[in-house]
Amino acid sequence: NFWCPGDVLKSTIFFQRNFKAKDSDIILASIPKSGTTWLKSLSFSIINRKKCTTPESPLLITNPHDLVSCMEYDLFLKSENPDLEAFSCPRIFSTHLPYHALPQSILNTKCRIIYICRNPLDQFISLRHFLLENSGEDQQKAPPIDEAFELFCKGLYPFGPVWDHAEGYWNASLNDVQKVVFLKYEDLKIDATSHVKMLAEFLGFPFSPEEDENGVVKEIVKLCSLENLKNMEVNKNGLLVLSPTIKFKARSFFRKGEVGDWKNFLNNSMAERYKKIMEEKLGKSGLAFE
Ligand code: A3P
């Protein structure tokens, strides 16, 4: 009951069938272009801060997507049943699957889920730029914006519709606050520091008063900021090769990170139309976007 991209259909099924979650696992979930890269950087830094301080962080030389692997775009794409026992605990993985499509073992264990979502119009524009940036000779070009918007309004895009995607995790976060935390990209932009503290608590790695006093939280926020990550050599020139046909330029994951960037590309009537769709789809859920 979601639009699964053809190139990860098999790996999605392998993930659903073969993944064995552990209670200590951490799953970062999102629809693409909602802040996944940021969430990966922050969660990785929170959990590993004792092993490597900020000046030694692997983030300085490694793309966040190589530090936290995606289930369907990486691990289960490369192997039907990858050996995940070798990962040190707590293991952190990411997925774009909606809540209802997650493997049973994620739902049956105590593993924790952090979900990030974003104003869908900004996410749509972000996805568009990402597709254009990565549309090489052998890859399909993104359709004209009007056509793409039409599909978007019908929920017809990777892992969509977004209203179902977000509502699934929203309801799960209301039903079990120990298991699922629901974040909005826009809230993180307003106050990353308090969100980092909250995430650290949720993940079982709270900051001590000394760490707080010594500016560790602020260091993590700065390390993981768009400005910082965007200018690192590995993120400027690297290439993420996930399969012979799925390759992404590292720089395409770091663009503007602006709230409301859709206003530069979509007109008011498009926005009004989408607003009505969202009200109709999410009206009763208590979940809303600006
Ligand atoms: P824009 O295209 O609007 O700039 P994802 O990580 O899910 O692929 O989402 C990509 C979006 O998040 C892009 O948005 C990108 O610029 C933004 N982004 C990436 N890293 C970020 C960071 N460290 N802080 C804030 N935004 C970030």
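Which residue in β5 is the bridge partner of Ile113? The partner is Val180. This is a predicted model, in which local features need pLDDT of at least 70 and side-chain atom pairs count only at pLDDT 80 or more, while totals for chains, interfaces and linings use all residues. Residues are numbered from 1 along each chain as its sequence is written, and side-chain values use heavy atoms, with hydrogens and water left out.

Strand β4 covers residues 112–117, and it pairs with β5 in the parallel sense over 5 bridges. Strands (E, at least two residues) and helices (H or I, at least four) are DSSP runs numbered from the N terminus, and two strands pair if DSSP finds at least two bridges between them. Of the 5 residues in β5 (180–184), 4 are buried, that is, under 20% relative accessible area with a 1.4 Å probe, protein chains only.

The ligand is surrounded by 18 residues, each with a heavy atom within 4 Å of it. The closest are Lys33, Thr36, Thr37, Ser126 and Gly257. Helix α2 (36–48) gives the most to this shell, with 3 residues, and α13 (226–230) supplies at least two.

A polar backbone atom of Gly257 is 2.6 Å from an oxygen atom of the ligand. A nitrogen atom of the ligand lies 2.8 Å from a polar backbone atom of Cys224, and a backbone N or O atom of Leu226 is 3.4 Å from a ligand nitrogen atom.

Definitions and conventions
Buried < 20%, exposed > 50% of the residue type's maximum accessible area, 1.4 Å probe, protein only. Polar contact = N/O pair within 3.5 Å; in protein donor to acceptor, adjacent residues only side chain to side chain.
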